[in-house]
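The exercises below are meant to be worked through slowly, with the sequence and the model at hand. Try each task before reading its solution.

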Amino acid sequence: MSDLLRVRIEQYYATAPLLFADAERFGSLRLFVRKTPGAPYYGGPGHAQPTAEMSSAVVAADIARVRARQRELGVPEAFEWLAEAAPTLRARIEAAGLPVEERPLMALDPNHAVDSRPLPGGVTLRVLTSDDPALPAALALPRLAFAEEGTAVGPAGREELSVVADELLVDGTVAAVRPTIRAGHKTLIAALASDGTPLAVGHYHPANDTTEIGGIGTLPLARRQGLAAAITAALVNHARDHGVSTVFLAYADDTIARIYARLGFRPAGSTLLIANQPARS
C-alpha cells in the first residue's frame, strides 16, 4: 500500500465517524461516542502510530479506560483500526483478552474506470431517498445476506425480507437512517425487482474525498446473477461523480474478493477489529 493511500484510509477512519459521533480521548487512544441514534462506533488509535511511542503499560491502561467507558455507555467493547497505522496495537489488545480479527482491504486506482454491469431482466438500480418505499427492506437485506455467508443461492427471499423490514420499522432503525440519507452522509443503492423488492444493496459514507463501500449484500434467493458486482460498480461511479477520488472496501471471504478484483480493486493493507463485535457503523 502506498503511503498516500495509507494516509487517506487512516484519515477516513479518524474523520468519518465525526459526522455522527464525538471523539473522547484516552491517552494514546480515542473512542467515538455516538451522538445520534444508530449503531455504536469503536475505539482506536488517537493519531498515527501512537503505540510505537508509548510503553506497553501506558497503552494497556488506555485500553482498559476505553473498555470501561464502553461498558458505562452500554456499547460493545469494539476497537477498529488500520493495521499499518499502529503496528503494535494488536498485540496489546490481545494481551488485554480481546480476540482480534484481520479484515483485508482493497482499493481502486483513482484512474481506473469501472464500467456498469449488466442486470437480469426486469431488475433496475436506484439510489434510495430517505422516503423511498423500498428503504425498510433495503436496510433489512444485509441481515439476511450476511446470515448466509458465501455466494451460494439460499432459501431466504421476499417473505423473510418483509419480516425483518417490519422489525427495523418498529425498533427505530429506519427512522434513524432517514436523516443521514437526507443530509447526504449516506448513499444507499439497491437493485430492485420489477415489483420493487430489493434484491441487492450497498452503501457508502463519504468523508472529504475518500469513502469506504460497505454493506454489499444480495438476497440469498437472488444470488449468482451478478447483482453484487452491479451494486459495487454503481456505488463507485456514484461516489466518483460526487467528488470522491479514493474508494476502498473490506472483505471477509476470498470468493467475494474475486468479485471486487474483477472490477479493478487491488489489495490495500488490512483493518483489524475485535472478533464477534460490530465493525464500523
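**Exercise 1.** In which loop is the place of T197? Then describe the surroundings of T197.

Solution. Before starting, note that this is a predicted model, in which local features need pLDDT of at least 70 and side-chain atom pairs count only at pLDDT 80 or more, while totals for chains, interfaces and linings use all residues. Residues are numbered from 1 along each chain as its sequence is written, and side-chain values use heavy atoms, with hydrogens and water left out.

Step 1: T197 sits in the loop between β7 (187–192) and β8 (198–207), where helices (H or I, at least four residues) and strands (E, at least two) are DSSP runs, numbered from the N terminus.

Step 2: The relative accessibility of T197 is 14%, so T197 counts as buried; buried means under 20% relative accessible area, exposed over 50% and partly exposed in between, with a 1.4 Å probe and protein chains only.

Step 3: Not counting residues up to four places away in sequence, T197 touches R158, L161, A191 and L192, contact being heavy atoms within 4.5 Å.

Step 4: With R158 there is also a polar contact, side chain to side chain, at 3.5 Å. A polar contact is a pair of N or O atoms within 3.5 Å; within protein, one must be able to donate a hydrogen and the other to accept it, and residues adjacent in sequence count only if both atoms are side-chain atoms.

**Exercise 2.** Is L219 buried or exposed, and which residues is L219 in contact with?

Solution. Step 1: L219 lies in the loop between β9 and α7, and its relative accessible area is 2%, so L219 is buried.

Step 2: Leaving aside neighbours within four places in sequence, the contacts of L219 are L141, L144, A156, G157, R158, L161, P198 and L199.

Step 3: One of these contacts, P198, is 21 residues from L219 along the chain, and the two C-alpha atoms are separated by 7.9 Å.

**Exercise 3.** At what angle do α4 and helix α5 pack, and which residues make the contact?

Solution. Step 1: The angle between α4 and α5 (residues 158–170) is about 115 degrees, and their axes are 8 Å apart; axes are lines fitted to C-alpha atoms, for helices over the stretch in contact, and angles run from 0 to 180 degrees between N-to-C directions.

Step 2: α4 is therefore roughly perpendicular to α5, since angles under 35 degrees count as roughly parallel, over 145 as roughly antiparallel, 65 to 115 as roughly perpendicular and the rest as oblique.

Step 3: From α4 the contact takes P136, A137, L139, A140, L141, R143 and L144, and from α5 it takes E160, L161, V164, A165, E167, L168 and L169.

Step 4: Sorted by class, this contact of α4 with α5 has 11 nonpolar, no polar and three charged residues. Here Ala, Val, Leu, Ile, Met, Phe, Trp, Tyr, Cys and Pro count as nonpolar, Asp, Glu, Lys and Arg as charged, and the others, Gly among them, as polar.

**Exercise 4.** How do helix α4 and helix α6 cross, and which residues of α4 meet α6?

Solution. Step 1: The axes of α4 (residues 135–147) and α6 (residues 173–182) come within 11 Å and cross at roughly 105 degrees, which means that α4 is roughly perpendicular to α6.

Step 2: L135, P136 and L139 of α4 meet V174, V177, R178 and I181 of α6, and the residues of this contact of α4 with α6 divide into six nonpolar, no polar and one charged.

**Exercise 5.** At what angle do helix α7 and helix α8 pack?

Solution. Step 1: Helix α7 (residues 227–241) packs with helix α8 (residues 254–263) at about 50 degrees, with the axes 10 Å apart, and α7 and α8 are therefore oblique to each other.

Step 2: In the contact, A229, T232 and A233 of α7 meet I259, Y260 and L263 of α8; by class, the contact of α7 with α8 has five nonpolar, one polar and no charged residues.

**Exercise 6.** What is the phi of N208, and what is the phi of R224?

Solution. Step 1: Most residues other than glycine have a negative phi.

Step 2: N208, although not a glycine, has a positive phi of about 60 degrees; N208 is found in the loop between β8 and β9 (210–218) and, at 69% relative accessibility, counts as exposed.

Step 3: R224, again not a glycine, has a positive phi of about 65 degrees; R224 lies in the loop between β9 and α7 and is exposed, with a relative accessible area of 64%.
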